Structures are given as C-alpha cells and as structure tokens.
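Here is a short briefing to read alongside the coordinates. Take it in any order you like, with the viewer open.

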Amino acid sequence: MPNRAYMHNKKGSPVDANKVGIENRNVKFLCCTEYCNAEMILCKAGTEEAYFRSRKKQDHISAKCIKNSIVFNPDTYDEALFDINFAFESMLGRNHTVQTIDRGDTGSRKGVVGGHRRLRIHTLPILYAMCISKDKRERYNRVLIDDIFADKDNYQKYSNGIEGFKIVETSFYYFTDAEKSITLNYPLNNKGLNSWVKIRFEEEALYKSQKSKLYKSLHIEPIIIAGEWTKAPEGSKHHSECVIHKKTQIYYAELQ
Ligand SMILES: [Zn+2]
C-alpha cells in the first residue's frame, strides 16, 4: 500500500498517509510518481495504519507507481538472520527442513505479523521489497544487493547472462506452450535493448495457472522471478533462463 502521495496538486513534496489530519481525508491526493496524475484515496485516515489506494488503477503510468507503493519495514525483520541460501532454497522448495524449522515471517505482503519477535526474510515479496528499498551498493547482512537483484539499474552487469541465485525484475512478453515456457522482458522496460529471459515449468498445472495470472496483470506491473539462473544455450534469443518448481518463485507486484 502506498504510504505517500501528493496533496491537492503535484507541487511541493508528497505527504505521509499517517501525517494527514482527519479533516483533510477527502481532499484530492495524487500518485507520487513523476508525471503520473492517478488519483489516490486516503484510507484509515488519522491513524498510524493510514495508507493510500488508487481510485482507478488503470490511470497509473509506469512500474514506478507500483514500486513506490511497496513498503519495506526493516524493523519487522532481523537482518542478522538473513541467509541467502536458505531464502532461495525455501522459495524453490528445495529445503525439506524448511517446513519443520522456525520459518520466521508469514510472507504477507505488508509484512504485518503477530507477536514481537523479529523475523527472517525468506519469501519473494519481502525480499523484493527489501531490495528496492536499498541502493545496489548497499548490503543486507553482508550480502551486496547488486549480487542478488537484477533490474534496469544494474543491467550492464548482467547483460551477458544471469547466473546463480538471483531475483530478476521482468515484464511479460509471450508464452511457448510446446515447451511450457514464458519469455519475459528483462529489464522490465527493455525498449531498444532486445533483451529477454526465459522461465521453464516442470509441471503443466503450474504453467497453466501462471499463464492465466499473467493475462490478468496490467502491463506496467513488474513480474519478479526468484531462480537459480543459467546462461541460455548459444544462439538462443534469451540470454538467461531458469526453471520454475514452485509458485513461490514468481511474484506479481500489483497496484493497490
Ligand atoms: Zn502512478
């Protein structure tokens, strides 16, 4: 949920939802992305949990609108518990001990969980939220963000291939039913770059369910893939690919 928006018009700075007085709950609010004039509605006005939601999702103009709406609350998570192998094995369904040990977070999108203990990041929505809250040169429990997250900003680093455990920000391009694969634009706005990655599915049912989800998403909504990536074979249209074993490897970042 976005927690910032412009009030009345796009002049000045955006306001925090929880700082807007209840007397202003019905004034005009606007998306905080530059040049976007989508109207926002203030919900739970006058409380700490106040947030904005879109009046009409279709009015937004770019993936930035969605990224601006994703909030990472660092205090909810214990950075010292973060373990990249544990996180990826858990998302890929490889670690059979995951079910029986203390998993930490519930994976809810807003990271709102009960109790007071601090949690360990191991789900894609939260991992993505953490990555986009930081600069690529920053670290999270000694792991450099540049080394685990590929998007437009560090395209140069990965343009010849993505390898190993990475999360990759993409958008939908096309399906290939014959090999149960989906071709994705990487980076998500790849105009002029002619750059794509491929995800392949082992299971027919999972492939079909993901296909129908893609049909419903808005074009500007990023699709985030967690995988163990390899370079695509020589001569391939794609430069990298990975196998999808579980739906927890795909996150459709949605506008609120
Ligand atoms: Zn917007």
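Thr 76 sits in the loop that runs between α1 (63-68) and α2 (84-92). This is a predicted model, and in it Thr 76 counts as partly exposed because 17 C-beta neighbours fall inside 10 Å. Thr 76 and Lys 198 are 122 residues apart along the chain, and their C-alpha atoms are separated by 34 Å.

**Domains**

- The domain assignment of the protein gives two parts: domain 1 covers 4-61 and domain 2 covers 83-256.
- The C-alpha centres of domain 1 and domain 2 are 29 Å apart.
- Contact between the two involves four residues of domain 1 and four residues of domain 2.
- On the domain 1 side of that contact, there are two polar and two charged residues and no nonpolar ones.

**The five-stranded sheet**

- Five strands form an open sheet in the order β2-β1-β3-β4-β5, and the pairing is antiparallel.
- At the edges are β2 (15-16) and β5 (51-54), each of which pairs on one side only.
- Strand β3 (residues 29-30) and strand β4 (residues 39-43) run antiparallel and are joined by two bridges.
- If you want a residue pair to look up there, Leu 30 has Glu 39 in β4 as its bridge partner.

- Is helix α3 (residues 124-132) buried or exposed? Nine of its nine residues are buried, so helix α3 is largely enclosed by the rest of the structure.
- Those buried residues of α3 include Leu 124, Pro 125, Ile 126, Met 130 and Cys 131.
- The largest nonpolar core has 56 residues, and the ones with the most contacts inside it are Leu 127, Tyr 128, Ile 167 and Ile 225.
- Helix α3 supplies the largest share of this core, with eight residues.
- Because domain 1 (4-61) and domain 2 (83-256) both give residues to this core, the core lies between them.
- In general, nonpolar side chains tend to be buried together in soluble globular proteins.
- Which residues does Tyr 128 contact, leaving aside neighbours within four places in sequence? Tyr 128 is in contact with Ile 167, Ile 224 and Tyr 251.

**Backbone geometry to check**

- For orientation, most residues other than glycine have a negative phi, and most peptide bonds are trans.
- The peptide bond from Tyr 186 to Pro 187 is cis, with omega near 0°.
- Pro 187 belongs to the loop between β10 (181-185) and β11 (196-201).
- Tyr 35 is not a glycine, yet its phi is positive at about 70°.
- The loop between β3 and β4 is where Tyr 35 lies, and Tyr 35 counts as exposed because 9 other C-beta atoms are within 10 Å, where exposed means 12 or fewer.
- Asn 141 also has a positive phi, near 45°, in a residue other than glycine.
- Asn 141 is placed in the loop between β6 (139-140) and β7 (143-144), and with 14 other C-beta atoms within 10 Å, Asn 141 is partly exposed.

Definitions and conventions. Residues numbered from 1 in each chain as written. Predicted model: local features only at pLDDT ≥ 70, side-chain atom pairs only at ≥ 80, totals over all residues. Domains from an automatic or database assignment. Contact = placed C-beta atoms within 7 Å. Nonpolar A, V, L, I, M, F, W, Y, C, P; charged D, E, K, R; others polar. Pairing = 2+ DSSP bridges. Helix = DSSP H or I, 4+ residues; strand = E, 2+ residues; numbered from the N terminus. Buried ≥ 20, exposed ≤ 12 C-beta atoms within 10 Å, placed from the backbone. Core = buried A, V, L, I, M, F, W, Y, C linked by C-beta atoms within 7 Å.
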